[in-house]
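Let's take a friendly walk through a protein fold. Please have the sequence and the 3D view open while you read.

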Amino acid sequence: MAERLKSRKQIDFLFRSAKSFSVFPLRVFYRWEGSAAARVGVGAPKRHFKRAVDRNRIKRLLREGYRLQKEALPGLHAFIIYTGKELPTQAEIMDKIGVILKKLRDLQP
């Protein structure tokens with residue numbers, strides 16, 4: 001998938017130089033990279049979710065929420081981190097991803 005942000009080098013650069021905002025329970029780090037295709041990564045903290053099954057479910061929900069609502073945001077590199085302490089529902093994630101995408105659309109240069 002060309003839309004996934006997977007490279008450790010790109011992720012480290014994004015965290016060092018990106019802007020961020022929160023829409024509880026999500027935190028978004030983003031940066032605009034010219035006219036390249038949009039790339040998004042997701043994460044869940046091991047601190048709050050010790051079981052890999054729970055972390056993988058959260059990441060799967062985040063990716064699916066983005067996939068269903070994504071729009072043309074050329075040049076966007078973003079990383080979405082789930083910061084809540086409880087397992088989310090799909091409806092919660094869908095609502096929050098919608099808010100995030102609307103805010104990113106407004107911030108687009």
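Predicted model: local features only at pLDDT ≥ 70, side-chain atom pairs only at ≥ 80, totals over all residues.

Residues are numbered from 1 along each chain as its sequence is written, and side-chain values use heavy atoms, with hydrogens and water left out.

**The sheet**

Start with the strands. Helices (H or I, at least four residues) and strands (E, at least two) are DSSP runs, numbered from the N terminus. Two strands pair if DSSP finds at least two bridges between them. Strands of a sheet pair through backbone hydrogen bonds, either parallel or antiparallel.

Here, four strands form an open sheet in the order β1-β2-β4-β3, and the pairing is mixed. The edges are taken by β1 (19-23) and β3 (39-43); each has a single partner strand, so one side of each is left without a neighbour in the sheet. From one strand to the next, the twist averages 20°. Axes are lines fitted to C-alpha atoms, for helices over the stretch in contact, and angles run from 0 to 180 degrees between N-to-C directions.

Strand β4 (residues 76-82) pairs with β3 in the parallel sense over five bridges. With β2, β4 pairs in the antiparallel sense over seven bridges. The table shows some residues that face each other across these pairings.

| Residue | Partner in β4 |
|---|---|
| Val40 | Ala78 |
| Gly43 | Ile81 |

How enclosed are these strands? Buried means under 20% relative accessible area, exposed over 50%, and partly exposed in between, using a 1.4 Å probe and protein chains only. Six of the seven residues of β4 are buried, so β4 is largely enclosed by the rest of the structure. For β3, four of the five residues are buried, so this strand is largely enclosed as well.

**The helices**

Helix α2 (residues 52-69) lies across β2 (26-32), β3 and β4, and runs at about 150° to β3. Helix α3 (residues 90-107) meets α2 as well: their axes come within 9 Å and cross at roughly 55°. That makes α2 oblique to α3, since angles under 35 degrees count as roughly parallel, over 145 as roughly antiparallel, 65 to 115 as roughly perpendicular and the rest as oblique.

Which residues make the contact between α2 and α3? From α2 they include Leu61, Leu62 and Tyr66, and from α3 they include Ile93, Met94 and Leu101. Contact means heavy atoms within 4.5 Å. By class, the α2 and α3 contact has eight nonpolar, four polar and one charged residues. In this scheme Ala, Val, Leu, Ile, Met, Phe, Trp, Tyr, Cys and Pro count as nonpolar, Asp, Glu, Lys and Arg as charged, and the others, Gly among them, as polar.

Is His77 buried or exposed? His77 sits in strand β4 and counts as buried, at 11% relative accessibility. Leaving aside neighbours within four places in sequence, His77 is in contact with residues including Leu14, Phe29, Tyr30 and Arg39.

Now look at Ala2, in the segment before α1 (8-17). Ala2 is exposed, with a relative accessible area of 60%. Not counting residues up to four places away in sequence, Ala2 touches Ala38 and Arg39. The C-alpha atoms of Ala2 and Lys46 are separated by 26 Å, and these two residues are 44 residues apart along the chain.
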